[in-house]
2 protein chains.
Amino acid sequence: MTRVLVVDDEPQLLRALRINLRARDYEVDVAADGTTALRRAGSWHPDLVVLDLGLPDLEGIEVIHGLRGWTEIPIIVLSGRAGSHDKVEALEAGADDYVTKPFDIEELVARIRAVSRRTPATEPVASVRVGEHTIDLAAKTVSGGVHLTPTEWRLLDVLLRNPGKLVAQQQLLTTVWGPAYKSETHYLRQYMAQLRRKLEREPAHPRHLLTEPGMGYRYQP
Amino acid sequence: MTRVLVVDDEPQLLRALRINLRARDYEVDVAADGTTALRRAGSWHPDLVVLDLGLPDLEGIEVIHGLRGWTEIPIIVLSGRAGSHDKVEALEAGADDYVTKPFDIEELVARIRAVSRRTPATEPVASVRVGEHTIDLAAKTVSGGVHLTPTEWRLLDVLLRNPGKLVAQQQLLTTVWGPAYKSETHYLRQYMAQLRRKLEREPAHPRHLLTEPGMGYRYQP
DNA sequence: CGGCGGCGTATGGAATCCGTCAAGACGGGA
DNA sequence: TCCCGTCTTGACGGATTCCATACGCCGCCG
């Protein structure tokens, strides 16, 4: 899910944006001044920043420079100043778009979508190791010429995205096969065995795809 | 050098833009109506399009759709209409930015720079090898006198730009045929077969254009 | 010692998915 | 208008994957 940080000092605008963006499945966080905006961006790692230039503490340009110092995430600038000099300055500093107040919420949302279309969501999980094998969940590849079927991928996906954590049988069954298969545990046994055959060096004594009797399974990195 | 196609029916604006962009080391070509714009874009392969929506022959939206049917190059829209509905429509159709007339040339240039900053050096993949053949995605040529149709190119494009990665059926269908064709998998089978007939040494035993049953296809370099 | 529950393994048939051939529909250019 | 290349649509055999059942093993407990 795309994460948007909205930086503005008008509570009214913040609220409107939060509602509209959440309704479109964006994750939203807000900041009311430049200092917290920069801090927030550093800790929360948003995928996009909507930045009002008229902030109480810092010059808007300073915030742009502060962000561009370490990240390339898209920045959409809001401003009450419509002069082309202001626009050029912000865009040259690294902003991706410049919207003049007053503006329509719908327009801003459309611009957010247009800009984030250009920056593919960063893939957090690149590749994982299971014993001898390197697994790329995005590319759906396993080293060593190993080939997995769709169901095997769905199951492995859930386990690998919860490294070290126990995943309950019911959770695996519902996410891989659907809620109707909540108690069909023999599917799990079937496919866990296949995964071990393909990935573990000694399928009979697994070192990474572990069973927790009576509860579920665990991926041990 | 970045190539910009400017589409507008006002000679005065065309002239101003051409001078300003050339002074900043852009290569510029112009078109005065939608039909020639589309043809020009197909033959000249610009890196960016500046598109006036008020054209004599086609609806501006039609031109955006026509471009987005086969290319992802940035589109900056110029328009005299400032209503948010027009803006949203253009942006949703695939435009990257929307500038309302009258505007300052400096601002437009700054927006062009901001947008093209986002699109990494135009053709990261210049030429690719598939078995015996050398494929140039930019020039749309295949060695050995092989000829591909537009749909075949769009499909091959997506696969070759994700070397080694699995590309899901749904992604191929939506990017090649459009979101409405999400589940029309027989198109995929049809055109994958044609690509293999034209590119693979043994179409029945493909070595580079691989099937992942139940998931999608993969280009193996 | 024997039953029992949970787990791993093997295997055949069912369902799904894919490759291929073929024919009709469409559209642009001669 | 006709023709040709391209895009749609349908049908069918074969391959892959999934489903379902059966069986053996092990630890636990009565």
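**Conventions**

I number residues from 1 along each chain as its sequence is written, and chains are lettered from A and ligands numbered from 1 in the order in which they are written. Because the model is predicted, local features need pLDDT of at least 70 and side-chain atom pairs count only at pLDDT 80 or more, while totals for chains, interfaces and linings use all residues; side-chain values use heavy atoms, with hydrogens and water left out.

**Entry 1: chain A overall**

I looked up the secondary structure of chain A and found 8 helices and 11 strands. Helices (H or I, at least four residues) and strands (E, at least two) are DSSP runs, numbered from the N terminus. Chain A has 221 residues, and 46% of them are buried. Buried means under 20% relative accessible area, exposed over 50%, and partly exposed in between, with a 1.4 Å probe and protein chains only. I then took the contacts in chain A between residues at least 6 apart in sequence, and 54% of these join residues at least 24 apart. Contact means heavy atoms within 4.5 Å.

**Entry 2: helix α4 of chain A**

I went through α4(A), residues 84-93, for buried positions. Asp86(A), Lys87(A), Val88(A), Ala90(A), Leu91(A) and Ala93(A) are buried. What covers them? The cover includes α3 (60-68), β4 (75-79) and β5 (97-100) of chain A, together with α5 (105-118) of chain B. After the helix comes Gly94(A), which has a positive phi near 125°.

**Entry 3: the interface**

I counted 32 residues of chain B in contact with 31 residues of chain A. The two chains bury about 2500 Å² between them, and 47% of that is on carbon and sulfur atoms. Buried area is the accessible area (1.4 Å probe) that two parts lose on being put together, summed over both. On the chain B side, Leu91(B), Arg111(B) and Arg118(B) lose the most area to chain A, together 24% of what that side buries.

**Entry 4: salt bridges between the chains**

I used this cut-off for a salt bridge: a side-chain nitrogen of Lys or Arg within 4 Å of a carboxyl oxygen of Asp or Glu. The whole structure holds 34 salt bridges over all chains, and the count between chain B and chain A is 8. One joins Arg118(B) to Asp96(A), with the closest N and O atoms 2.6 Å apart.

Another joins Asp97(A) and Arg111(B) at 2.7 Å, N to O. This pair crosses between chains, from strand β5 of chain A to helix α5 of chain B. Are these two residues buried or exposed? Asp97(A) is buried at a relative accessible area of 0%, and Arg111(B) counts as buried at 4%.

I also noted a network of salt bridges that links Lys87(A), Asp97(A), Glu107(A), Arg111(A), Lys87(B), Asp97(B), Glu107(B) and Arg111(B).

In chain A, the side chains of Glu132(A) and Arg201(A) meet in a salt bridge of 2.9 Å, N to O. Glu132(A) sits in the loop between β6 (128-130) and β7 (133-136), and Arg201(A) in the loop between α8 (185-199) and β10 (209-212), 69 residues apart. Both Glu132(A) and Arg201(A) are exposed.

In chain B, Glu132(B) forms a salt bridge with Arg201(B), the closest N and O atoms being 2.8 Å apart. Glu132(B) lies in the loop between β6 (127-130) and β7 (133-136) of chain B and Arg201(B) in the loop between α8 and β10 (209-212) of chain B, so the pair ties together parts 69 residues apart in sequence. Glu132(B) is exposed at 51% relative accessible area, and Arg201(B) is exposed at 61%.

**Entry 5: α7 against α8 in chain B**

I checked how α7(B), residues 169-176, packs on α8(B), residues 185-199: the angle is about 85° and the axes are 10 Å apart. This makes α7(B) roughly perpendicular to α8(B), a label for angles of 65 to 115 degrees, where under 35 is roughly parallel, over 145 roughly antiparallel and the rest oblique. Axes are lines fitted to C-alpha atoms, for helices over the stretch in contact, and angles run from 0 to 180 degrees between N-to-C directions. Gln169(B), Leu172(B) and Leu173(B) in α7(B) meet Thr185(B), Tyr187(B) and Leu188(B) in α8(B). The contact residues divide into 4 nonpolar, 2 polar and no charged. Ala, Val, Leu, Ile, Met, Phe, Trp, Tyr, Cys and Pro count as nonpolar, Asp, Glu, Lys and Arg as charged, and the others, Gly among them, as polar.

**Entry 6: Leu148(A)**

Leu148(A) is in the loop between β8 (141-142) and α6 (150-160) of chain A, and counts as buried at 1% relative accessibility. Leaving out residues up to four places away in sequence, Leu148(A) touches Val142(A), Trp153(A), Leu156(A), Leu195(A), Lys198(A) and Met215(B). The C-alpha atoms of Leu148(A) and Leu195(A) are separated by 8.1 Å, with the two residues 47 apart along the chain.
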